[in-house]
Amino acid sequence: CGCRSSAWPGWPGRWWPSTSEAAPPAWPDVFPGVTAALTRVRTPTAAARDRLTDPPHPALGLACYQVGELQRLRGELDAAAESYRRASNAGFQPMPGLALLELARGETRSAVASIRRALGEAGQPFQRPALLAAAVEIHAAAGDVATARDGADELGRLASGTRSEVLGAMAEHAIGTVLLATGDATDALVR
């Protein structure tokens, strides 16, 4: 979990009254349950992992996907691929992250095929905006500006039908991506 419990053992002494005759209590004496819990967090067991993954909890797939997204954005492509695999194994569709990972690896044709398949399989309207934003980026990188523009237009229509500022920003970004792909950097900057 990223806890730094090894840095905490001396903290009670910082607030212990300096006028007191008695020494501050040791960390385990003050919070024995916390110390035990932190020890378990630092050293997870196979049994604990099994309880979370068999059967997989729905949140596990989403958590793995989000970790993969962060890893992809940091350029940790192998780690991202592993996180997306774990998300998929937990029942979470790792799109559009997986298609964007393929693009980052230079596997443009595979990225195009993956995002097309994901858009074709998207059963819920709320799934489309993120997929469309990725599709615009992928198609623009592949040199297919017409398909990128179609995706930006659809995303713009979705955004105009709502008051969501996030969707509006996604649509503007997609239009900017298309403008950059056509060589119109000036108009892309005002987006």
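In which sense, left-handed or right-handed, does H5 pass H7? The crossing of H5 with H7 is left-handed, meaning that the near helix is turned anticlockwise from the far one by less than a right angle, where clockwise would be right-handed. Tyr65, Glu69 and Arg72 of H5 make the contact with Gly97, Leu100 and Leu101 of H7, a contact being heavy atoms within 4.5 Å. By class, that contact has three nonpolar, one polar and two charged residues, with Tyr and Leu counted as nonpolar, Glu and Arg as charged, and Gly as polar.

Before the geometry, the conditions. This is a predicted model, in which local features need pLDDT of at least 70 and side-chain atom pairs pLDDT 80 or more, while totals for chains, interfaces and linings use all residues. Numbering runs from 1 along each chain as its sequence is written, and side-chain values use heavy atoms, without hydrogens or water.

Now the axes. Helix H5 covers residues 58-73 and helix H7 residues 97-104; their axes come within 10 Å and cross at roughly 25°. The two are therefore roughly parallel, the term for angles under 35 degrees.

As for the whole chain, there are twelve helices and zero strands, taken as DSSP runs (H or I, at least four residues, for helices; E, at least two, for strands). Of the 191 residues, 29% are buried, that is, under 20% relative accessible area with a 1.4 Å probe. The chain exposes about 12,000 Å², with 57% of it from carbon and sulfur atoms, by the Shrake-Rupley method with a 1.4 Å probe.

Notes. Axes are lines fitted to C-alpha atoms, for helices over the stretch in contact, and angles run from 0 to 180 degrees between N-to-C directions. Angles under 35 degrees count as roughly parallel, over 145 as roughly antiparallel, 65 to 115 as roughly perpendicular and the rest as oblique. Buried means under 20% relative accessible area, exposed over 50%, partly exposed in between (1.4 Å probe, protein chains only).
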